[in-house]
Amino acid sequence: MTRSAVLLAPRDTAGLIAGSAFIHLDGALFASYTTADFASAVRLLDGVAVVAESLGHHPEVRLGYGRVSFKLSSHDVNGVTKRDLQLATRIQELADDSGARPVRVPPTRYDIAIDCSDADAIRPFWRAGLGYEEAIGSDGIELVDPRGLAPRVWFQHMEIARTDRNRIHLDVYVPTEDAESRVEAVVLAGGTLLTDEHAPDWWVLADVEGNEICICTAPN
């Protein structure tokens with residue numbers, strides 16, 4: 001493995017991306033900018049394209065009227081590397097030079113977890129209903145949106161079926177530095193903290209009717 005391909009965790013990149021629009025979450029660097037209009041967003045993207053070609057490393061891009069967003073990740077190692085930091089630095093420089101303004105909305109990843117006794121028995125139902133595809137993930141066989149837009153679905157095995165609560169819950173992944181404030185916001189909105197024994201990896205909370213949500217952080 002070359003030095004540029006060494007995986008970097010959020011703690012490794014925090015100081016290097018501080019002050020920029022980029023945020024490290026779930027194995028990628030994310031940044032969004034607003035511009036004066038569509039044409040100026042395209043010009044910023046054109047500049048980034050030139051830099052990306054020169055570095056041999058290319059971002060995922062979303063372009064809209066007066067807004068452009070970037071996602072940087074090294075797909076060969078499924079995470080953030082020195083290559084992504086180099087490209088992020090150049091993108092930030094181009095954005096500053098063009099007058100683009102950062103959008104301070106932290107990225108978030110949403111997963112749907114289904115408690116079950118036999119995942120193999122129910123997975124085809126959900127795959128067909130959602131129009132999803134199967135993929136191998138950290139929790140075994142998962143279901144993913146082939147368009148890459150909607151939340152993944154994973155199946156949590158139960159030895160004994162639980163009937164005292166909803167058996168489907170949401171996992172919400174946020175940057176580590178935002179996790180505790182998100183938990184506080186949920187509590188202030190009427191939620192109950194059920195457990196923080198796994199924090200800062202995840203917190204389990206419930207609404208007034210017992211439906212659960214996990215606020216999670218990603219290790220890379």
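Let us start with a pair of helices: α2, spanning residues 38-55, and α3, spanning residues 82-98, have axes that come within 10 Å and cross at roughly 150°. Because angles over 145 degrees count as roughly antiparallel, α2 is roughly antiparallel to α3. Please keep in mind that this is a predicted model.

The crossing of α2 past α3 is right-handed. Which residues in α2 and α3 meet? From α2 come Leu-44, Gly-47, Val-48, Val-51, Ala-52 and Leu-55, and their partners in α3 are Gln-86, Leu-87, Arg-90, Ile-91, Leu-94, Ala-95 and Ser-98. Sorted by class, this contact of α2 with α3 has 9 nonpolar, 3 polar and 1 charged residues.

In soluble globular proteins, nonpolar side chains tend to be buried together. Here, the largest nonpolar core has 21 residues, and Phe-22, Leu-29, Tyr-33, Phe-70, Leu-72 and Ile-91 have the most contacts inside it. Two or more residues each are given to this core by β2 (28-34), α2, β4 (67-72) and α3. The element that gives the most is α3, with 5 residues.

Setting aside residues up to four places away in sequence, Phe-22 touches Ile-17, Leu-29, Phe-30, Ala-31, Tyr-33, Leu-72, Ala-88, Ile-91 and Gln-92. Apart from this core lies another, of 7 residues, and its members include Val-172, Val-183, Trp-203 and Leu-205.

Conventions
Residues are numbered from 1 along each chain as its sequence is written. This is a predicted model: local features need pLDDT of at least 70, side-chain atom pairs count only at pLDDT 80 or more; totals for chains, interfaces and linings use all residues. Side-chain values use heavy atoms; hydrogens and water are left out. Axes are lines fitted to C-alpha atoms, for helices over the stretch in contact, and angles run from 0 to 180 degrees between N-to-C directions. Helices (H or I, at least four residues) and strands (E, at least two) are DSSP runs, numbered from the N terminus. Angles under 35 degrees count as roughly parallel, over 145 as roughly antiparallel, 65 to 115 as roughly perpendicular and the rest as oblique. A crossing is left-handed if the near helix is turned anticlockwise from the far one by less than a right angle, and right-handed if clockwise. Contact means heavy atoms within 4.5 Å. Ala, Val, Leu, Ile, Met, Phe, Trp, Tyr, Cys and Pro count as nonpolar, Asp, Glu, Lys and Arg as charged, and the others, Gly among them, as polar. A nonpolar core is a set of buried Ala, Val, Leu, Ile, Met, Phe, Trp, Tyr and Cys residues joined through side-chain atoms within 4.5 Å. Buried means under 20% relative accessible area, exposed over 50%, partly exposed in between (1.4 Å probe, protein chains only).
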